[in-house]
Amino acid sequence: METDTQAIPLPTARDPKLVLEILDKSFDYQIKQAFDLPRGARKAAGKPYEALNVDAFGEVSNSTWFTHRNGRAPMSLDAIRRGPSRMGGPDTSGVWTVVKGKSAGVTPGFTIMDAKGQRYLIKFDPPGYPELASGTEAVASRLCYAAGYHVPEYSVSYLRPDRLVLSPQATITMETGDKRAPISKRQMTEADLAALLKKANPTGQPRVRVGASRFLDGTDVGPWPYLGVRMDDANDFYSHEHRRELRGLYIISSWLNHADMKEENTLDMYDPEKRYLTHYLIDFGASMGSSSTTPSTPRRGQANSFDAKHSFVRLITLGLYVYGYEKAPLTLRYPSVGYLENDLFKPNRWKPMYPMPAFENLTRRDAFWGTNIVTSFTDEQIEAAVTTGAFSDPQAAAYLVKFLKERRDRIGRYWFARVNTLDRFEMLDGSTLRFTDLAVSRGYADARGTRYQVEALTPAGATLCKDTQDETTVRLDPAWNTHPHVVLSLVPQRQRYKARPVLVYLKPQPNGWRVIGVRRTD
Amino acid sequence: MHLSWRQKSLLLGLLLLGAFIPAVWAGYPQSEADSVGVAINLSEPGMIPIHPLLLPRKGRPVWEHAARLPITLLELPFKTTGYLMRKGLNVIEAHHVTARVQQIPPWLVRRHIVVENGSQGDGSGFGVAVGLQGAVGQTRPVEIAVSSALTLRTYQTHALHLRFSGIAGRHGDITGWVEYQARPRENFFGTGAQTLAQDHTQFQQARLHTGLALSYRLSRLQVSGLIDWTDFDIDAGGGQLYPSTISRFPDLPGLSGARLMGAGFEAAYPERLYQGLAGSERGIKVAVHTYWDVDGTRYGFNRYTLTLYQTVPMFWGDRILVFRFVGSMVDPRGKRQIPFFVMPRLGGSTTLRGYADLRFWDRNAVLLNAEYRYPLWDIGWNRTALDVIWFVDTGMVSPTGDGFALRALATDYGAGLRFRTKSGVLARLNVAHSPEMTRFSVKLESDF
């Protein structure tokens, strides 16, 4: 059990600069990785650095980073729809008090306090693309939450301009037009509020759709770093690039096309009472078909912003090699869900906008872990999540559901064809081991065409028995309990599929056998 | 012992491998558990496994530091850049430039300091121009730009530009300018296509140029008329390496300088082939100017310039072939002369990039540039990209219109990089080769 809730003093707030992060991850880190010969040698030998924070069963514990949800036990449709929400969005029955405004940027926004005293960040959809950012953020955040990550509450809400009240202490950040000092901050006036509303609601609608995200409880201490640990957090003892839930996040991000994976889109919140940090993923406006202020493009998810490999290929081919994303037409079938495509999507080639070290350390075991979560979502659960986007056009919502289902299945088919898909080992009655073939149970392989090679080994490696069977249960011979433990080597056999064994460690107990460890050899 | 290059490569490879094997070995503690990644302590089931990376490391030996030296060296520039950005550059921006901007009176709207290309033209070397741009007035502001530039070779330019927009609706502008240039080392090799590189001479030129232009935009068509006045002062070259033009070519017209009055008409019809792709224009530009001598009747000539440029898409997207043709001609009026310094000239970073600056001079000149551009680094934001360029330039000068001959064309070729955004080209870096030389140039402005 990972115990990362010990009381710690308030850490210093981090404020990393995006430019430096891009330079660091795109160049400095890449060069270091290229010259890290131990890492390269292990990768070439098929023995890459594996994740650190796994237990004897290859799993991560519930922690301030991750909580097992749909991947372990199916969530109800209501729970999927509810997501992390405790308040159900801002209270629209009373007035909203504006405490902070933002007129800089493409889309204006402000911070309000609702009648229940909860603070929300209100963001408007980009001009010309109603419902795009607000709907996308609501759906993607719920799926990410159901996958197990900590995310804030995002919801679609409706603003009534006549119920907005300006707080006397309200401030506003504005564009100055001066390139040297582009942003200024001052007290907000009624005229500012009117101008901001006119920008967001030029036609003067009495009810405006917005995206609302509730401010997280606790003290904001900035984003968590992608490399290493947070030195002022004594609970943070696994390097982040070697955490399984962050490596496995690659699979979830590729599913949601959540490419805007910069440090700024993470957040550590300090609980002043319990005195520890909780680690969040924030800002899902640039995922699926949205790029926050515009629809997504074919390039998103296909290449890093600074993609050295693609540049090298172009250089040596004199530009004759044209990547698929360069040729793909930017067709928008439904502007409210943005640009969605799966034809270019290859589950192992998906790329975030900026390199993320944890993603670059992804191993097959991490991929299996993430694929298990992504494929755990049923069609009904995906449909339930999409309803939270409140898309006014049912066809647009159906199109988004189709996109998510197709991408989920592509991920499942790809990764489950490359790893040992056996999981969920449990003793039925002390003498029979049952396992689940995830590829079969989730519809990516045919049960009739699948057999299982079972080999029992002594601790010294001598074979006790070897067989190939159709069943997903193994009867353990009572005579084996003369050994301190035995190892079952299990390999599924299918056409055009080759996997390495998963080793299940079993220890004899007075009342039968007990599973004491699982080791994957992928 | 003589070793072939294959043997040398093999030996070098083995040496490198031999040097890094200990580093690979030391990178990880070797254990049975390490072979499958996670060690399971079977005697205590349920315990968190001890991962090799969590085991305490021994002190790193000297040879491992040596093995990692390439990484340390390679990351040094990035670390330095990061340090400067954190510690230095922000301070300068916040306390120096911004503070100066704040002192400007409030009636001067849209004010900002600009740092521009300091190059004063072909061959002036590295330099920087600092200017102030702003606008006076609120409803119909007059835009003002003042700048000064100095290069390492002491070329200097001081310029004041005023632009009054909004004449005849929103389509007309009146622009006035005063510009002073001092150029102490201008090249001259004689006139004609057959001049020798060994005949390299230099002269000094100071020029005060002022004028007024009225321009009008109608859709893509832009027309303008202008009048200008230029005072040329010519003297012996300021360099020590080359002889003075005045002593080497004593009979050249215009060696004593000239004051010229001019009037002209220009028309241009540009069109961008791809929205957002800077440098993908095609179009035509025509310019006709006439000049006469302010001090007498010695000089008088007309100048005609035709520029055609075309972009051809290749393969896909941002891969384009770009052509530019420029034809220039100066034609004397009657028996009047043409000062040598106003003749068309070729050579330098905007014309024949593999030749010396102002390498060829004569009354007529033709030039053809061809470039193949494709993105090397498509940043994927705001159409920003770093392009690779492969180019060929060819051209020649001639005393008469029928004196052009294919065999006399001067040709160069080269490659370069080009950084562009949606709005334009920010910088270019070219390496060009010709039979006479190989040249490297950096330009902080648009193509050609």
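Predicted model: local features only at pLDDT ≥ 70, side-chain atom pairs only at ≥ 80, totals over all residues.
**Entry 1: salt bridges**

I began with A:Arg434 and A:Glu426, whose side chains meet in a salt bridge at 2.9 Å, N to O. My cut-off for the term: a side-chain nitrogen of Lys or Arg within 4 Å of a carboxyl oxygen of Asp or Glu. A:Arg434 is partly exposed at 35% relative accessible area, and A:Glu426 is partly exposed too, at 36%. I took buried as under 20% relative accessible area, exposed as over 50% and partly exposed as in between (1.4 Å probe, protein chains only).

Side-chain values use heavy atoms, with hydrogens and water left out, residues are numbered from 1 along each chain as its sequence is written, and chains are lettered from A and ligands numbered from 1 in the order in which they are written.

Next I looked up B:Arg439, which forms a salt bridge with B:Asp357, closest N and O atoms 2.8 Å apart. B:Arg439 is in strand β18 (438–443) of chain B and B:Asp357 in the loop between β12 (345–346) and β13 (360–361), so the pair ties together parts 82 residues apart in sequence. Helices (H or I, at least four residues) and strands (E, at least two) are DSSP runs, numbered from the N terminus. Both partners, B:Arg439 and B:Asp357, are buried.

I also found a network: salt bridges with shared partners join A:Glu50, A:Arg244, A:Arg247, A:Arg365 and A:Asp366. A:Arg365 and A:Asp366 are among the buried residues of α11(A). That helix (364–374) has 10 of its 11 residues buried, so it is largely enclosed by the rest of the structure. The whole search gave me 53 salt bridges over all chains.

**Entry 2: rings**

I counted 33 aromatic pairs over all chains. Rings of Phe, Tyr and Trp (its six-membered ring) pair if their centres lie within 6.5 Å; planes under 30 degrees apart are stacked, over 60 edge-to-face, the rest tilted. B:Phe188 and B:Phe249 have centres 5.2 Å apart and planes at 90 degrees, so I logged them as edge-to-face. Both B:Phe188 and B:Phe249 are buried. B:Tyr372 and B:Tyr374 are tilted, at 5.2 Å and 35 degrees.

Last, I checked charges over rings (NZ of Lys or CZ of Arg within 6 Å of the ring centre and within 35 degrees of the ring normal). The charged end of A:Arg407 sits over the ring of A:Phe345, 3.9 Å from its centre.
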